[in-house]
Amino acid sequence: MNQTAEKFIRNPDMAKEEYIELIKCADDPEAVQALREEAVRVRKRYYGDKVYTRGLIEFTNYCRNNCYYCGIGRRNLHVRRYRLTKEEILECCRKGYELGFRTFVLQGGEDLWYTDKRMAEIIRAVRERYPDCAITLSLGERSYESYRLFKEAGADRYLLRHETANEEHYRKLHPPDMNLVVRKLCLSDLKLLGYQVGAGFMVGSPGQTVDCLAEDLVYLKELQPHMVGIGPFIPHHDTIFAEEKAGSVELTLFLLSIIRILLPKVLLPATTALGTLAPDGREKGLRAGANVVMPNLSPLENRKQYELYDHKNCTGEEAAECIGSLRRQVEASGYRLVSERGDAEV
């Protein structure tokens, strides 16, 4: 076996320089296979053959930010904007519940039209109607008090990708009014408040180096999140990165295996971006150590409007309505789709 891979399997608690050497093994078929097999072994130890579903509700594509890689940034005048009402969000939840979803993910741009009061009302309404379900939020950066209010209203989890743990790389991806220190502080606040917390990053984003990826692994090891979402970078035609090359599916899969071994109990999605770049991307993600899928519950007419990157999949197995097809796809990968909240093992 590759010595670096073998050393990581024996002891995942490595220094940044060792992670750099590990990531460089992505071109070594022997290392890739060894880490994939170990990731599957670890994942089965804690989660068996279960794959958890999350019903994704993209409730607003307004955003106050202008991240350079994102298709719904505030400066993109070609986006047809929308906001869902509380009643429309509850209708998405109703359909999802009937389909067997027991986690709802309320995701949107950083849209301050949804004040703390409005968001708390929506969260309480979902909590009262579906007390047996988990509520995950993905609303971006908010204050400690906002996060506390949402937790008291009934939210369980919060997804906030850090995008990169390297300051110089962060500056290449974001405008001057955004700050990596603030992003990390938000993640710390969420942990302090008792959320199940999700972080994550894009693979192959412009300016990313092996050094950047190693820093991401060090940061994840320190943060100890309950969830990690990673997917290949995919350019959007209305951003400054329109002509950039998409990230590597194979490197993303390799990093999924690394993260599963590094954080054995983590909830790890096979993301939509993987399925967008490769027809069998989701199955490959599951075979690399992932244990979560996130079909889209948003209203049909809005799914294409929430376009963070080009050619985003939101139909077929990505659509919540096709849960039967998704179930067969998961079973073909050797796993079993379950209707459970799917909380992180702690």
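## The six-stranded sheet

In this predicted model, six strands form an open sheet in the order β2-β3-β4-β5-β6-β7, and their pairing is parallel. Strands are DSSP runs of E with at least two residues, helices are runs of H or I with at least four residues, and both are numbered from the N terminus. Two strands count as paired if DSSP finds at least two bridges between them. The edges are formed by β2 (55-60) and β7 (227-232), each of which pairs on one side only. On average, neighbouring strands of this sheet are turned by 20 degrees against each other, direction ignored. Such angles run from 0 to 180 degrees between N-to-C directions, with axes as lines fitted to C-alpha atoms, for helices over the stretch in contact.

Residues are numbered from 1 along each chain as its sequence is written. Because the model is predicted, local features need pLDDT of at least 70 and side-chain atom pairs count only at pLDDT 80 or more, while totals for chains, interfaces and linings use all residues; side-chain values use heavy atoms, with hydrogens and water left out.

Buried denotes under 20% relative accessible area, exposed over 50%, and partly exposed the range in between (1.4 Å probe, protein chains only). Both faces of β3 are covered, with Thr-103, Val-105 and Gln-107 buried on one side and Phe-104, Leu-106 and Gly-108 buried on the other.

The pairing of β2 with β3 is parallel and extends over five bridges. Within it, Leu-56 has Val-105 of β3 as its bridge partner.

Strand β6 (residues 196-203) is joined to β7 by six bridges, and the two run parallel. Met-202 stands opposite Gly-231 in β7. Helix α10 lies across β6 and β7 and runs at about 165 degrees to β7.

Thr-271 is located in the loop between α10 and α11 (272-277). With a relative accessibility of 11%, Thr-271 counts as buried. Neighbours within four places in sequence aside, Thr-271 is in contact with Arg-161, Ile-230 and Gly-231; contact means heavy atoms within 4.5 Å.

## The largest cavity

Rolling a probe the size of a water molecule over the atoms shows where empty space is left. On a 1 Å grid over the protein atoms alone, a cavity is a set of points where a 1.4 Å probe fits but cannot get out; a pocket is an open set with protein on both sides within 12 Å along at least five of seven lines, and lining residues have an atom within 4 Å of a point. Grid points are joined across faces, edges and corners, and a volume is the space filled by probe spheres set on the points.

By this rule there are two cavities of 30 Å³ or more. The largest cavity has a volume of about 1,100 Å³. It is lined by 49 residues, of which Gln-107, Ser-138, Arg-161, Glu-163 and Leu-308 are the closest to its centre. Two or more lining residues are given by each of β2, β3 (103-108), β4 (134-138), β5 (157-159), β6, β7 and α11. The largest share of this lining, five residues, comes from β7.

In helix α2 (residues 16-23), the buried residues are Tyr-19, Ile-20, Leu-22 and Ile-23. They lie on the same side of α2 because they cover an arc of only 160 degrees around the axis, the arc being that of the directions from the helix axis to the C-beta atoms. The buried residues of α2 pack against α1 (3-10), α3 (29-47), α9 (210-223) and α10 (249-262).

The largest pocket holds about 230 Å³ of space. Of its 13 lining residues, the closest to its centre are Ile-23, Ala-26, Val-210, Leu-213 and Leu-251. The elements that give two or more residues to this lining are α9 and α10.

## The three-stranded sheet

A further open sheet has three strands in the order β8-β1-β9, with parallel pairing. Its edge strands are β8 (292-293) and β9 (336-338), each pairing on one side only. Three bridges join β1 (residues 50-53) to β9, and Val-51 stands opposite Leu-337 in β9. Helix α14 (residues 323-332) lies across β1, β8 and β9 and runs at about 140 degrees to β9.
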